[in-house]
Amino acid sequence: MFSLIAIVLGVALGMAVQAVHEAALNEFGRGLRSMSGAADLQVVGPQAGFDEHLYAVLARRPEVAEASPVLELQVKIPGTAETLQLLGVDVFNLARVTPLLLPRPTNTAGRFATLAEEHVFLSAAALAALHLKPGDDIAFQAGAESVRFKIAGDLPGTEENRRLALMDIAAAQSRFGKIGKITRIDLRLAEDAAADDAQAALQNLLPAGVLLEPPEAAADQSKNLSRAYRVNLTMLAAIALLTGGFLVFSAQALSVVRRRSEFAFLRALGLSRRSLFTWLLAEGAVVGLAGGIAGVVLGHGLAWAALSLLGGDLGAGYFSGLTPRLHFQPGITTIYIVLGMLAGIAGAWLPAREAATVSPAQALKAGDEMTLMHQRGHPWAGLILLLASLAASAIPPQAGLPLGGYLAVACLLAGSVLLLPLLAATLAGGLPARGPVSARLAVARLTAAPGHAVVAAAGVLTSVALAAAMAIMVTSFRASVDEWLNQILPADLYLRAGRAQSGAFLDAALQARISRLKGVSAVNYTRHDSLRLAGGAAPVALIARPLSADGRELPLVGASRPGDAGLTSTAIWVSEAMLDLYAWRVGQRVDLPLAGRKVSLRVAGVWRDYARQSGAIMINLADYRRLTGDMLVNDAAIFLAPAAVADEVAEALASMAAAGAFEIARPGEIRALSLRIFDRTFAITYLLEAVAVGIGLAGVAASFAALASARRREFGMLRHLGLTRRQIGWMLALEGALATAVGVVAGLLAGGGIGLVLIEVVNRHSFHWSMDVHIPWGSLALFAVCLIALAALAAVLAGRQAMRLDAVLAVREDW
Amino acid sequence: MRRRDFLLALAGLWLSRSSPAGSVDFAPVLPGRRLVFPADHGAHPDFRTEWWYATGWLRLPDARQVGFQITFFRVRSGIGDSSASAFAPRQLILAHAAIADPDWGRLRFDQRSARTGFGRAGFATDQTRVWVDDWRLEQVADAFSAVVRGDAFSFALMLSPSAPPMLNGVAGFSRKAVDPRYASFYYSLPGLDVRGTLSVAGRSLPVSGEAWLDHEWSSALLPPAALGWDWVGVNLADGGALMAFQMRGVGGAALWSAASLRPAGGVSRNFAAEAVRFEPLRQWRSPRSGIAYPVEWRIGVGRRVFLLRALMPDQELDSRRSTGAIYWEGAVRLLESGREVGRGYLEMTGYGERIQLG
């Protein structure tokens, strides 16, 4: 029964994670397809855009049948936290490249409704989300101002879930301070142009940092971005499934023990070895199949719940702005059912073989017990596996996935299980053979026949190891993020006008007013942009802010090489991801496309960044302005004068712009918000953890239930020898506690190792960030004690069932 | 369907029913202005709408006759006059072209539209030069070069005039209604000699023939009561030229009409409204739009009576993607006393649903 639950849970979790992400990715892909329509290629560049004249150059080319310029912005709706994706387009060209985006004006919108400067068109999803309808007014933040537009119609061709706004490109440029800039050109190639040749020819025309990509690239990038996260969750689900398989193993093993004489009779009656083996395997398969079917049902339910509660990224923030719908996928569902069945078969394999190989004559003899678990297990194989996990950790990531890390986790788990008998024997040997009779009996049993305990402990080990590893990883991550937030938020107040892609910014006049404000002692301004460094790779964040020559404001990692006196080259500071993704090294000179030119810069040091897993580059604001001439900024970090009151300054700042245009926050609020997002991201892993522990406990209960019923004769004998039921109960509780303690100790050791692998290998390879190790000693200890107590209780309850039988009957059963 | 909705809103370029007064100061069409060439061959961007409209008959190497038309519209949208953006849609260029081939049975049609700027579209003001993408109409020496590259056909034609422009109305001031505010500057270049190549279905053929070029600009054309108009321009076999139009109201009633008749080598005579009559004879209903068009007309100009007969009935033109209108525009033969006396083009607008514009 418990093994069934374990399989159900393992399959359900895997299925749920899979279904949710499939739904989210589908949605994302579909959204992108309607956005890129019939485009063969897209010209993309920095988030802040590139020179619009490129459009004229490309539109003239013979390879290009049609070019459609797009200015994409994330516009803020003042006074709310809502942002909306806004496309500035030329409707004339849209019709021939991305007709699905064509706006539909209302009947009353007037002539040239699609060209009018004050008109905007919203998709149905955007209208619904904002509770607006065509004909209403809507305000967007432009710079620090609020600008009103009229909703002149909708976007009937867009995906119904896509939140999108669209207006004429000239209006978007002039209203949002983007004169001369576009962010994308969608190209349809001439029919006689070979795609590869055309791409090569056109790429040569593009300035530095502007790339030509197939429209699928954006989908691929976002897929890749979330892929590591998805794979990690799937791996956790797989471990749950593995644990389930393991529990089938212990349940089957013990049931084989219990029915040993039964099988021997059957064999003696002529049942072939082969039939017995197949029969027992089929038993496991049935359990697995039932678990698999129940699991996919539960999985779909979980996925549905997760989608409605956490969103398509399970709270990780990869697919914001999407509301995916669940689709039933027969193929994947079948795979998960088969996985459940395989777990059942695999669990039943060893016990079935064992039952089938024993000779009937020997098995018919009473008291002959299993040889399933060797007295000392396979310590050498275990050791070798542990060593192998070390080697596996050193394997570099394969296609962006930490396969070596997963292999190391698997080796660690398997190795620990194989070493478990040795550990059990060692622990038992170290226990004193004194005290009340029940304690002595329990210890004696562990010492003499550790096999049973080991089977129970192995289930505990796998689940404890998983839970402990996750706990260590999450604690380390959270503590590191907390520390990191403190380091990057030194100011008293933070003011944000908007992100790079948005039409919101602080111009020079506003900057001067903020700096002059009473109560402000110093202001650090930050400019955000993003760069395209390589085709097919996600954009890299570029952050320009005032920096010291030694970069002391940054959460630096490792040695840095701030500028030598002799070096005149400009320094940049890169996040750890840049080392992994672009193989940049400290001291190296790199070319960055700034303002359409290649600029040679020097990597001065590496900083830790938990915010952007595709990489970030920090540059001194003065250098950035010198190199690009861009004087706008997005954020301001404000240091207060000693006597200033933060609330008053915040109020004065807010009154400088349209109501709600500025987000003003204290570092404490930002920290709390960031940690809340962090916890939300890990909500799903907490869930997995709880399930793993539940499965472990179920394993203990299952093992002892099976064991207790197999030991009915023994209990009868003990009763005959004068032990009270109470004493036998104590004995069982102690046995359970001892077996679980063995599993918990081994699980904690293995979990520590796996936690390190998760931190140093899996996280580093998946997300390209390092973290400091923090071990939650207190909660791990509490967890261990609770688990042992619960296991003892489970053992007693299981034993009570077996002891209900009359002592005389129990003994007689054997003769 | 969606596309049509979007384009309907772009429409109203020349069928616009909006009043002459608006928030934007479009240049008014006032009588007494003398047309000066070649400057007036060029664009007049201060006015609201303007078009260059070339139509004609082409003879293929196998002696078959096909009709062709190419129209470039320049539209001042009144939007973005103060915008700093290079994309500001102040001036739009819309073009459509068609080949009327009786063997094919209906029009081969294509269209282009763009805002001016970025080399995508533009116009010159000192002579005829207007283009959108690789479509262009351009004055080369004394002739006009028309180049169209469509998906189903393309052509490159040289149109050479042999006579000075025929000024319609009063010295080129062409009234469209009783209210003199509804008027245009309008001249025609009839009897153009055509040479060039026509490519259809990948086959490029040398062609020759005779064509007609209209150039008209205005800020207020269609009077409020008008649903559309019927226009005809015919090169007469004897070297003369006939232009006639009527503005049509509800129920087909003529609200205004006018005609110009120029004998070969002579001076054109302009006929006032009461001397021009349009009488529809035979109807043809489009299977695509369900709209019925008169494809045979009796036209009275002064004392002369002509019969106008379409080269083929189905010459409906769906230009909703550029100008937003669906109408009939095709090659016609002109007969007088049962004898063919000329070949030209007939344009009939406003036969569909009442166009909701502006």
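Biologist: What should I know about the model and its numbering?
Modeller: The model is predicted, so local features need pLDDT of at least 70 and side-chain atom pairs count only at pLDDT 80 or more, while totals for chains, interfaces and linings use all residues. Residues are numbered from 1 along each chain as its sequence is written, and chains are lettered from A and ligands numbered from 1 in the order in which they are written.

Biologist: How do the axes of α9 and α10 of chain A cross?
Modeller: The axes of helix α9 (residues 273-309) and helix α10 (residues 330-357) of chain A come within 6 Å and cross at roughly 150°, which makes α9(A) roughly antiparallel to α10(A) (angles over 145 degrees count as such).

Biologist: And which classes of residue does that contact have?
Modeller: The contact of α9(A) with α10(A) has 22 nonpolar, 10 polar and 3 charged residues, where Ala, Val, Leu, Ile, Met, Phe, Trp, Tyr, Cys and Pro count as nonpolar, Asp, Glu, Lys and Arg as charged, and the others, Gly among them, as polar.

Biologist: Switching to chains A and B, how many residues does the contact take from each?
Modeller: The contact takes 30 residues from chain A and 27 residues from chain B, counting residues whose C-beta atoms, placed from the backbone, lie within 7 Å. The side of chain A that touches chain B has 19 nonpolar, 4 polar and 7 charged residues.

Biologist: Is A:E669 buried or exposed?
Modeller: A:E669, which lies in helix α20 (residues 667-681) of chain A, counts as exposed because it has 12 C-beta neighbours inside 10 Å, and the cut-off for exposed is 12 or fewer.

Technical notes: Axes are lines fitted to C-alpha atoms, for helices over the stretch in contact, and angles run from 0 to 180 degrees between N-to-C directions. Helices (H or I, at least four residues) and strands (E, at least two) are DSSP runs, numbered from the N terminus. Angles under 35 degrees count as roughly parallel, over 145 as roughly antiparallel, 65 to 115 as roughly perpendicular and the rest as oblique. Two residues are in contact if their C-beta atoms, placed from the backbone, lie within 7 Å. A residue is buried if 20 or more other C-beta atoms lie within 10 Å of its own, exposed if 12 or fewer, and partly exposed in between; C-beta atoms are placed from the backbone.
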